[in-house]
Structures are given as C-alpha cells and as structure tokens.
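Subject: Handing over the structure

Hi,

Here is the structure I said I would pass on to you. Have a look at it first, then read my notes below.

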Amino acid sequence: MKYSQVQNYVNGKFVNSSSSSERKLEIISPLDGTLLSTVPLSCSKDLDEAVQSAKAAFPAWSKTPIKERVQVFFRYKYLLEKHLDELAALCSEENGKTLGESVAEIEKCIELTEFATSLPQLVTGEVLEVSKGVECRTEHVPLGVVASIVPFNFPSMVPNWTIPNAIALGNCMIIKPSEKVPLSVGKLALLLKEAGLPDGVFNVVHGDVEIVNAICDHPGIEAVSFVGSTKVAKIVYQRATHNYKRCLALGGAKNHLMVLPDAKPDMTAQNVAASMSGCAGQRCMAASAMVAVGQVDHIIDKICEEAKKIVAGKNLGAVINKDSKDRIERYITEAEQQGAKILVDGRRTVVNGKEKGTYVGPTVIDYVTPDMAIAKEEVFGPVISIMRTNTVDEALAIENANPYGNAASVFTQNGGMARYIIDRASAGMIGVNVGVPVPREPFSFGGWNESKFGVGDITGKSSIEFWTKLKKSTTKWNPEAGVNWMS
Ligand code: NAD
C-alpha cells in the first residue's frame, strides 16, 4: 500500500474512525491499479464527535471579524500554490485524470480561494434611516455547523467550491469526501491548519451512505451542501429538508451541444472533442450529446480527426474504476445494437504497461436517436452521441426534453441565432462557441431542473445567501438626546 490508511480529521487532528477495523474500502489508482490506501467507512459516532468539535469552535470563529478570517485564506491560497505539484499528483493518482488536468483543477482551487478573500467587500449589509431617529440595518450572520458532501470527479475542486466561502463567512464545516477519492481532502486539511485555521473549524469524516444519512439527520448541522448524481441529490435534498435543514443539492447532467452549419469547423471540432473527453468525460459540464442541425458532415469528420488525436494514457486519463468502464462500454454496445454508427470506438482500450488501469478511449457515435439510453442518460465517459435534426427548433426540443439542465452550448457564427438559443435552452449555464461553459469567479456555478435542487448557486456571490442568514435590526434613538447629554 503506497500511503498509510486514511483517517478522519477532527478538532485539528487525524484520528481513526471507531469503525475503521470493520468497515473500510481499498483505494485503487485508476491509472494503473496500484493499491494506494484504505478508507474507513465511519459511523454516526464519528460524525457526532466532528459535530461537537465544530460546535465548540463556532463561537470564537464566528465572532472573529471577517477581515481576520479571510487572512487564513490568503495564506491557504499561497499554500495551494506552493503545493500545487504535490496536490496535482495526488489528484491524478486517486482520480485517474491526467497530470495536466489535475494541475488545472488545483489552479481552479486557487481561483475559488481568491474569491473567498474578497468576501469582506461583498458581504456588507445595508442601513437606512426609515423615519426620524429610526434605522433599519441588515447583516449576514453565519449559520453554525454546516456540511459538504462531495463526489469523486473533482477530489480537490468541488471541496473548494464550499470550504473557503462557507468558512470565511464564519461557519464551521464537516466535509464528507467521496469514498472513491479520499486522499486529497486530507492534504487540504493540513494546508488549512498550516494557514492558521483554528482547530475544530474544519473537520473531515470519511464514509458512505451511512455518514450521508447521519449528516442529514444530525440536529447539530444547520445546512447541507451536496454535489453528486441526481439520484443521490434527490435523496439528500429530501432527507435534509425533511429535518428542516437548509440544503443545496447539485445533481448529474446531460449537456447538449448544438452545432449549426455556419459553425467554424476547426474551432468547433476542437471544442467538441475537448469537452467530451476532458477528465475522461467525467465532468458534470462535459458535452455528451451533440445535436447536428442540417448539413454538418464536414464538422463531424473533423471531430473524428480530433478524437483520434486523444490517446489514453497520454492526453486522456482513466475512468474511475472497472464498474465505470464496463458501464460506459455497455452504453456504446447497446447504441450500436440499436442502429447507431460508431465512428470512433474507444472500447477495449488498454494502455501498455498500465494493463490494470481503467481506460476508455474517445468514442464518437453518429445517428443516435433521442429514445436511446445513451441519448437520455448520463454516461460519464469520453463519449459523444450525435443526433441529427433539420432545424434549430427540433434541436432545442431535444435539449429541452432531457430532465437535466446543467449546461448547453451552441456553435454558430450567427449572433441572432445564438441569442435565440440562449433564450430558449432550458439549462443554467449556456455556452456560445464554448464547449465547457463554466462561469468563472465571481460568477456563480449552478444548473437547473434535475441538475440542482434548492435555491441559489454553489459558488460566487450567490453562495453568500446559502452560507449566511440575514439579521434585520431596527433601532430608535432620539437624535437630539446626544446633544442634550453632551450639554
Ligand atoms: P454519487 O452521487 O454516487 O456520490 C456523491 C456522494 O454521495 C459521495 O460522497 C457518496 O459517498 C454519496 N452517496 C453515494 N450513494 C449514496 C446514497 N445512496 N445515499 C447517500 N449518499 C450517497 O456521485 P459520484 O459518482 O461520486 O459523482 C458523479 C456524479 O456527480 C455525476 O452524476 C456528476 O454529474 C455529478 N456531479 C455534478 C456536479 C454539478 O455541479 N452538478 C459536479 C460534479 C459532479
């Protein structure tokens, strides 16, 4: 085993889970099958200890002025920069993405932290003299102990969607990393401590469904942020809100790219190929369905050329595990059996010297129809399914019929047509000539429909509303009293 057993992090110390001897999982690198570590599947007692530690830290942390709190994140940002290579290597090892993609992930963590350091400028309240001597004032107040439950596909970035903002805003946090990629968050805990975060403000409890349920049920937790599949987002949203907690649950996606005949062929092909294959297609913003409007065969040919330049083990990483590889390949085979045409086939991909790695090559499938499973469901692999239509309205109808609503993109040189699609596509994040339309800070990230349950977005300015509650105070003083007192 390359690393020692993963431990929980409670009150500033790494500790064993009380169930670590009974329930644990092996962490296998998707890159080459190396046994990296084991992760404990903690129990509700472990969670309770973390909640008590966070509760104890809350009074002092929440009363620390925000200008002092963000100093921790200035230092944390510097430490992320200093440890970028190490964090990126760990991310690549446990998740399977390429080193370049992992570096980009840590750079995004730095950008997220940079945003948190600007929060003092953004959380100012309001004050108004509403009648003579009477003032109304608002201020954003932290919630207390909050929880963040995260998925496997971004071991550092998704945790950093919540850690800097929630904590800089005065909350104390319990995070439950994905049991598939538990290593990166342990490193983040060490950096937060080195940055000067007081013990108990940030805690890590590893585990699976048992800990997620315990988080939703724990009376000491005020708010739950969740990122993962739609199936689990629904469960978490229902359970947390049933227990009267604030909840924002981001789910899965099926993002459509609409390619119009006037699209620039080279640029479009490069963007489509990069969007479907980046992070081996394991991104909630990946394009997995392309709607070809009219005659775009020349662009599809170029997409195939671009896809063939993407080589597993070089500029394409592995998918998370064997189950995932098998599932993705099943979708491709089923589509083929139903009449779709495989233009580039990534099944049965093996990387020399890394035979135990779990790779799927880039796959381009044409003549997919909207009723096929591969067109409707989230495949989460480096696969693009092309559907053919004659009009933009037909393309929009396909996009809008899918239950998700994370992202949609259009490739065209016609500004009026782009606006027409922006206005009609039912998705929270739209791209025009952009394959992965992730809004950058300070803009917020969040989809619509079955890609998100709850109000507001998870990052950017919108997150302030989620991580704080508004206190409204009305004060009345006799404006003359001070003068009288002075005299
Ligand atoms: P997942 O839903 O399987 O797991 C997410 C978290 O939920 C993990 O921490 C896991 O331990 C926990 N979990 C799993 N099953 C559970 C259950 N039955 N009850 C309670 N908790 C459970 O997701 P994943 O496979 O880790 O991640 C991939 C998914 O996340 C994809 O669907 C992807 O689109 C989505 N995702 C969405 C966004 C977004 O912004 N919308 C971002 C990243 C990933």
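Let's start with strand 7 (residues 145–149): 5 of its 5 residues are buried, so the strand is largely enclosed by the rest of the structure. By "buried" I mean that 20 or more other C-beta atoms lie within 10 Å of the residue's own; 12 or fewer makes it exposed, anything in between partly exposed, and the C-beta atoms are placed from the backbone. Strands here are DSSP runs of E with at least two residues, helices are runs of H or I with at least four, and both are numbered from the N terminus.

Before you go further, note that this is a predicted model: local features need pLDDT of at least 70, side-chain atom pairs count only at pLDDT 80 or more, and totals for chains, interfaces and linings use all residues. Residues are numbered from 1 along each chain as its sequence is written.

Back to strand 7. Val145, Ala147 and Ile149 point one way from it, Val146 and Ser148 point the other way, and all are buried. Its parallel partner is strand 8 (residues 172–176), joined to strand 7 by 5 bridges; two strands pair if DSSP finds at least two bridges between them. Within that pairing, Ser148 has Ile175 of strand 8 as its bridge partner.

Is Ser225 buried or exposed? It counts as buried, because it has 28 C-beta neighbours inside 10 Å. If you leave aside the neighbours within four places in sequence, Ser225 is in contact with Ser148, Thr162, Leu248 and Ile458. Contact means that the C-beta atoms of two residues, placed from the backbone, lie within 7 Å.

Now the overall layout. The protein is divided into domain 1 (8–251 + 451–472) and domain 2 (255–432), with bounds that come from an automatic or database domain assignment. Taken over C-alpha atoms, the centres of domain 1 and domain 2 are 31 Å apart. Where they meet, 14 residues of domain 1 are in contact with 19 residues of domain 2. The side of domain 1 that touches domain 2 has 3 nonpolar, 6 polar and 5 charged residues. For those classes, Ala, Val, Leu, Ile, Met, Phe, Trp, Tyr, Cys and Pro count as nonpolar, Asp, Glu, Lys and Arg as charged, and the others, Gly among them, as polar.

Where does the ligand lie? Domain 1 and domain 2 both give residues to the shell around the ligand, so it lies between them. Of the 27 residues around the ligand, Pro151, Gly228, Ser229, Gly252 and Cys284 come nearest; a residue is near a molecule if its C-beta atom, placed from the backbone, lies within 6 Å of it. Helix 8 (209–217) and helix 9 (230–242) are the elements that give two or more residues to this shell. By class, the shell holds 14 nonpolar, 9 polar and 4 charged residues.

There is also an open sheet of 3 strands, antiparallel, in the order 5-6-20. Its edge strands, strand 5 (127–131) and strand 20 (468–476), each pair on one side only. Strand 6 (residues 134–142) pairs with strand 20 over 9 bridges in the antiparallel sense, and Glu135 stands opposite Thr475 of strand 20.

Strand 16 (residues 383–389) is mostly covered, with 5 of its 7 residues buried. Strand 13 (residues 287–293) pairs with strand 16 in the parallel sense over 5 bridges, and there Ala289 has Ser385 as its bridge partner. Strand 15 runs parallel to strand 16 too, joined by 3 bridges, with Val364 and Ile384 as bridge partners.

Most residues other than glycine have a negative phi, and most peptide bonds are trans. Tyr367 is not a glycine, yet has a positive phi of about 55°; you'll find Tyr367 in the loop between strand 15 (363–366) and helix 13 (373–376). Asn449 also has a positive phi, near 55°, and lies in the loop between strand 18 and strand 19. Asn449 counts as partly exposed because it has 18 C-beta neighbours inside 10 Å. Pro442 has its place in the loop between strand 18 (429–432) and strand 19 (452–453), and the peptide bond joining Glu441 and Pro442 is cis, with omega about 10°.

Cheers
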